[in-house]
Amino acid sequence: RTVLPALERGEWVLCDRFTDSTLAYQGMARGLPWKTIRKINDIATQGLTPDLTVWLDADPGLGLSRAAQQTRFEAEGLEFQKKVYQGFARAKKEEPKRFLVVEAFSGTPDEMALKIAAQLLKRFAVKRRAA
């Protein structure tokens with residue numbers, strides 16, 4: 001109701017979680033079949049896939065120790081976080097060109113935002129020149 005109409009209007013859509021998160025959390029960390037999760041994602045999104053996934057890559061232990069909030073996911077503990085990490089790594093391995101990997105905690109939040117913005121502009125410029 002929100003994403004597809006916005007895309008149809010030619011707008012950019014940014015999500016903090018999408019199909020890669022489902023794969024990582026439900027598929028890898030919860031042990032549900034990866035291929036089944038992919039099929040369910042495909043049905044749920046009507047075949048919509050991200051053009052780009054920005055992965056803030058952090059050691060699971062460091063990320064867990066620096067979490068600003070203790071949600072139910074943090075409460076799952078370090079082993080769960082390691083499995084989530086492995087899930088994102090698998091998704092990236094399957095579609096490496098779609099991922100922009102940024103080392104988490106490699107500066108202040110503003111510095112990281114600038115790094116990400118610069119990479120996005122670089123990717124956009126490359127695509128534009130190629131078109």
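The legends below describe a predicted model, in which local features need pLDDT of at least 70 and side-chain atom pairs count only at pLDDT 80 or more, while totals for chains, interfaces and linings use all residues. Residues are numbered from 1 along each chain as its sequence is written, and side-chain values use heavy atoms, with hydrogens and water left out.

**View 1. The largest pocket and its lining.** The largest pocket has a volume of about 2,000 Å³ and is lined by 48 residues, of which C15, D16, T53, V54 and W55 lie nearest its centre. Two or more lining residues come from each of the elements α1 (3-8), α2 (19-29), β1 (53-57), α4 (60-65), α5 (78-94) and α6 (109-130), and α6 gives the most, with six residues. Helices (H or I, at least four residues) and strands (E, at least two) are DSSP runs, numbered from the N terminus. A pocket is an open set of points, on a 1 Å grid over the protein atoms alone, where a 1.4 Å probe fits, with protein on both sides within 12 Å along at least five of seven lines, and lining residues have an atom within 4 Å of a point. Grid points are joined across faces, edges and corners, and a volume is the space filled by probe spheres set on the points.

**View 2. The second largest pocket.** This pocket has a volume of about 150 Å³, and its lining consists of R1, T2, V3, L4, P5, F18, A44, T45, Q46 and L48. The largest share of this lining, three residues, comes from α1, and the lining residues divide into six nonpolar, three polar and one charged.

**View 3. A nonpolar surface patch.** L4, L7 and V13 make a nonpolar surface patch of about 190 Å²; such a patch joins nonpolar side chains (Val, Leu, Ile, Met, Phe, Trp, Tyr) within 5 Å, from residues with over 30% relative accessible area and no salt bridge. Accessible areas come from the Shrake-Rupley method with a 1.4 Å probe, and for residues only the protein chains shown count as cover. L7 has its place in helix α1 and is partly exposed, with a relative accessible area of 34%, a term for values between buried (under 20%) and exposed (over 50%).

**View 4. A salt bridge between E95 and R38.** A salt bridge is a side-chain nitrogen of Lys or Arg within 4 Å of a carboxyl oxygen of Asp or Glu, and the side chains of E95 and R38 meet in one at 3.6 Å, N to O. Because E95 lies in the loop between α5 and β2 (99-103) and R38 in helix α3 (residues 34-44), the pair ties together parts that are 57 residues apart in sequence. E95 counts as partly exposed at 28% relative accessibility, and R38 counts as partly exposed at 30%.

View 5. A network of salt bridges links D20, R38, R90, E94, E95 and R98.

Definitions and conventions:
Ala, Val, Leu, Ile, Met, Phe, Trp, Tyr, Cys and Pro count as nonpolar, Asp, Glu, Lys and Arg as charged, and the others, Gly among them, as polar. Patches are made of residues with over 30% relative accessible area and no salt bridge: like charges are joined within 9 Å, nonpolar side chains (Val, Leu, Ile, Met, Phe, Trp, Tyr) within 5 Å. Buried means under 20% relative accessible area, exposed over 50%, partly exposed in between (1.4 Å probe, protein chains only).
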